[in-house]
Amino acid sequence: MRAFSASFEKDMKLLFRNWTSLFVSVIGPLSIMLVLIIAFSDLGFNSITIGHVVDPANVRFDSLWPKLSYVGNFVPYASLDDCTADLKTQRLHLCLQPSGDALNAYFDNTRELISLILLNQVRAAVNAEKEALVRQKAAGFLGEVKNTADFLDSSGSFAAVLLKDLERQRVDLVQAKSDLRSTREDVELRIDELREVRSEVSSAHSQAESAKSQGFGKAEATLGEADAALYNAYNVAAATGDAASMSAISAARSEVQASRNDLSEARSLVDGELSRVQKVIDGIDEALQSLERARDVIIRNEQRVSNAIETIDQRSVELRDLQTRIDQQGSKLDDLGKTSVDEVVKPITVGFMPLFVGSERLRDLEAGWDLTENQKQRLLNFGTIQTFLPFVLSLLICFVATMLSNILLLEELHSPAFLRNQLMPRSWLVSFGSLFLTVLFVTTCQVLVILLMGYFIFYLDILKSLGTLLAVLLLLIGTHTLIGMTIAYVVRTKTTSLLVCAFFLMVTLILGGVVYPVERMASFMSTVASLIPFTSGISMLQQSLFYNVSLSDLLGPLAILIVIFFGAAVVMCVARWAFMDSCRRG
């Protein structure tokens with residue numbers, strides 16, 4: 001134990017004996033901590049300049065620039081060429097050009113990280129502005145839909161009223177058709193009666209004509225014969241000179257002539273009466289023709305009424321179908337009118353929900369603060385700053401433990417007392433243990449300072465997972481200490497050995513997925529990256545620090561890190577044996 005204490009004291013003295021070890025163990029880490037405190041003393045974006053091309057004909061995006069004021073300063077440009085020229089010379093971080101309904105964002109992909117961060121901010125603001133415009137249009141559209149639905153409702157009501165009117169008109173037309181049918185039947189009855197009367201009158205007229213012809217003809221023939229006989233008798237009397245007979249015959253002839261005159265007058269009277277009867281027959285014929293014409297008009301009107309009733313029936317069916325469709329469409333539009341603007345604007349929403357948006361301590365403090373909108377926007381970036389701490393811890397351990405163990409071991413190996421110490425009867429494990437403990441102690445102190453910064457400055461929930469954090473950190477420190485000692489045994493020149501350590505740190509950063517995602521490398525590189533302690537270490541630090549994952553849930557990556565630790569120990573032992581063997585052989 002006394003030998004171990006002496007060796008530990010010696011290693012601590014070596015730690016502060018030269019500027020190299022002093023810088024690695026004290027000055028460098030303190031400088032990093034100071035830089036971190038100063039660098040993250042303010043939240044949000046700083047020194048960001050974004051150019052935007054001014055188009056007087058397109059003012060649609062003018063309201064967007066004030067909403068992005070928390071990101072940086074916006075500088076107007078008259079042309080896109082001037083804007084991109086300043087972007088190429090890194091006077092700008094972005095160049096925005098309104099083009100119709102689109103906003104073209106020109107960015108320098110050689111500065112990809114800051115460009116993508118700013119593009120994400122611009123995209124969020126544009127999406128918010130676009131959503132506001134879509135909401136406005138959707139609200140107007142839903143209003144028009146509601147008005148259309150109301151119009152369809154009123155149209156449906158009007159169609160119902162129209163159907164009732166058509167029903168009443170149909171009833172009236174049916175009644176009119178019935179009246180026309182009754183009138184037609186009456187007219188046809190009168191036509192039949194007149195035809196019977198005409199037939200009787202016509203028959204009587206014919207009989208009267210026949211009787212007139214026969215009766216008057218016989219009477220005239222008889223009177224003619226009587227007059228001829230009287231005339232002959234008169235001639236005979238005249239021949240005989242019988243005056244009395246002649247006088248009587250003349251008187252008789254006068255009476256016959258008078259009878260013939262009376263018969264002629266009677267014939268004229270009968271002809272006049274027969275003529276009036278014929279006129280009556282003609283009048284009956286005219287009346288029949290008029291009644292037949294009236295009947296034809298009634299029949300035509302009756303047919304028109306029937307056609308009108310059929311048309312009304314057909315239109316009523318069509319109107320009922322139309323009313324049904326109007327009701328259905330009106331119901332659909334009513335349902336659509338009841339749709340909220342959110343359902344129209346975002347029928348399917350994709351929510352990007354980061355698991356870690358800040359520690360519980362930060363959220364509790366935020367709830368108690370009275371922040372402006374700009375401060376809230378800037379505070380959103382603080383959660384991203386908190387995620388930076390595991391990288392700082394892993395990088396500090398990787399750098400300090402590797403470089404410090406390498407420097408201390410090289411100081412011992414190049415010390416004049418090294419060969420003398422080898423002749424002393426004590427195990428090499430004493431010097432190894434003291435050096436390992438020295439690096440572990442110094443690096444742990446620096447890590448604890450970083451953890452205190454994370455707790456008091458970055459408001460991280462460190463105490464909830466302190467045990468898991470310490471276990472992972474001690475394994476990382478031990479593994480990188482063994483790696484630094486291995487490099488010292490293999491490369492014994494101080495300058496070259498430090499360069500190899502620096503090269504190892506570069507490879508660790510590249511293959512550890514920090515500078516570039518391992519998922520974008522060759523497929524076998526994921527296996528190579530899993531063998532680097534930096535990869536498993538930063539993964540476990542992130543899980544325990546941000547999500548308070550217990551050590552029992554980290555057995556997989558913890559087992560990998562333990563295997564790497566013992567593998568590094570075996571490699572270090574082999575490198576020491578090779579070094580000592582070369583020393584014995586001179």
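1. The side chains of Glu411 and Lys494 form a salt bridge at 3.2 Å, N to O, a term that here requires a side-chain nitrogen of Lys or Arg within 4 Å of a carboxyl oxygen of Asp or Glu. This pair links distant parts of the chain, since Glu411 lies in helix H11 and Lys494 in helix H15 (residues 494–511), 83 residues apart; helices are DSSP runs of H or I with at least four residues, numbered from the N terminus. Glu411 counts as buried at 16% relative accessibility, whereas Lys494 is partly exposed at 35%, where buried means under 20% relative accessible area, exposed over 50% and partly exposed in between, with a 1.4 Å probe and protein chains only.

2. Please keep in mind that this is a predicted model, in which local features need pLDDT of at least 70, side-chain atom pairs count only at pLDDT 80 or more, and totals for chains, interfaces and linings use all residues. Residues are numbered from 1 along each chain as its sequence is written, and side-chain values use heavy atoms, with hydrogens and water left out.

3. Helix H11, which spans residues 389–413, is mostly covered, as 23 of its 25 residues are buried.

4. A salt bridge also joins the side chains of Arg320 and Glu167, at 2.9 Å from N to O. Arg320 belongs to helix H6 (residues 243–337) and Glu167 to helix H5 (residues 112–240), so the pair ties together parts that are 153 residues apart in sequence.

5. In the salt bridge between Arg91 and Asp86 (3.4 Å, N to O), Arg91 is exposed at 55% relative accessibility, while Asp86 is buried at 18%.

Definitions and conventions:
Helix = DSSP H or I, 4+ residues; strand = E, 2+ residues; numbered from the N terminus.
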